[in-house]
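User: Please take a close look at one part of this structure. Which part would you pick, and how does the rest of the chain surround it?

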Amino acid sequence: QVQLVESGGGLVQAGGSLRLSCAASGRTFSSAAMGWFRQAPGKEREFVAAITWSVGRTYYADSVKGRFTISRDKSKDTGYLEMNSLKPEDTAVYYCSASRIAYSSGTNYYPPGKWDYWGQGTQVTVSS
């Protein structure tokens, strides 16, 4: 079993930056990919970004491309989401996820049901 713990959320003004972390624990992290999703009030959980754990191939939602950067530190079993040029519409609870399968197509990462493990979420609020 894999446990994921997010940290780094908070309140920031529009145009600001935040860095989220996702620490994996439980057993040696052997998942094939790590991802980030977000869920705003009254909306469905949506894909933000994913990274394959071994090679480091990255995938992004169009809404965050060029502003967010996903990365991982294999030595620490930790993933990161660097968020720049934040907008009020980025306000949401951000969830870390892990998948036992690495997909060849980035769109396969979009459905939440494709992911096997989830963190508890961290709130990100962007004020205008």
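Analyst: Start with a term. Strands are DSSP runs of E with at least two residues, while helices are runs of H or I with at least four; both are numbered from the N terminus. This is a predicted model: local features need pLDDT of at least 70, side-chain atom pairs count only at pLDDT 80 or more, and totals for chains, interfaces and linings use all residues. Residues are numbered from 1 along each chain as its sequence is written, and side-chain values use heavy atoms, with hydrogens and water left out.

First, the setting. The protein has 11 strands and zero helices. Its radius of gyration is 13 Å, close to the 14 Å from the globule rule for 128 residues, so the protein is as compact as a globular protein of that length. (That radius is taken over C-alpha atoms, and the rule is 2.2 Å times the number of residues to the power 0.38.) Along the principal axes, the C-alpha atoms fill a box of roughly 40 × 25 × 25 Å. Of the 128 residues, 45% are buried. Buried means under 20% relative accessible area, exposed means over 50%, and partly exposed lies in between (1.4 Å probe, protein chains only). Contact means heavy atoms within 4.5 Å. Of the contacts with a separation of 6 or more, 58% join residues 24 or more positions apart.

Now the part to look at: strand β8, which spans residues 78–83. Five of its six residues are buried, so β8 is largely enclosed by the rest of the structure.

Which strands pair with β8? Two strands pair if DSSP finds at least two bridges between them. β3 is one partner: six bridges join β3 to β8, and the two run antiparallel. Here Cys22 stands opposite Gly79. β7 also pairs with β8, again antiparallel and over six bridges. In this pairing, Ser71 faces Tyr80. β7 and β8 form a hairpin with four residues between them. In that turn, Asp77 has a positive phi of about 50°.

Gln3 has Ser25 of β3 as its bridge partner. β1 covers residues 3–7 and has two faces: Leu4 and Glu6 are on the covered one, while Gln3, Val5 and Ser7 are on the uncovered one. In a regular strand, side chains alternate between the two faces of the sheet. Ala23 of β3 is partly exposed, at 33% relative accessible area. Setting aside neighbours within four places in sequence, Ala23 contacts Gln3, Leu4, Val5, Asp77 and Thr78. Ala23 and Met83 are 60 residues apart in sequence and 17 Å apart in space, C-alpha to C-alpha.

Next, the core. A nonpolar core is a set of buried Ala, Val, Leu, Ile, Met, Phe, Trp, Tyr and Cys residues joined through side-chain atoms within 4.5 Å. The largest one has 36 residues; Leu4, Trp36, Leu81, Met83 and Tyr94 touch the most other members. Strands that each supply at least two residues include β3, β8, β9 and β11. β5 gives the largest share, five residues. Beyond four places in sequence, Met83 contacts Gly16, Ser17, Leu18, Leu20, Arg67, Phe68, Tyr94 and Val124.

What follows β8? A loop leads from β8 to β9 (92–99), and Asp90 sits in it. Asp90 counts as buried, at 1% relative accessibility. Its side chain makes a polar contact with the side chain of Arg67, at 2.8 Å. (A polar contact is a pair of N or O atoms within 3.5 Å; within protein, one must be able to donate a hydrogen and the other to accept it, and residues adjacent in sequence count only if both atoms are side-chain atoms.) Among the contacts of Asp90 beyond four places in sequence are Arg38, Phe68, Ser85 and Val126.

Last, strand β11, where Thr122 is found. Thr122 is buried, with a relative accessible area of 12%. The side chain of Thr122 reaches the backbone nitrogen of Gly9 at 3.3 Å. Beyond four places in sequence, its contacts include Glu6, Leu20, Ala92 and Tyr94. Tyr94 is also a contact of Met83.
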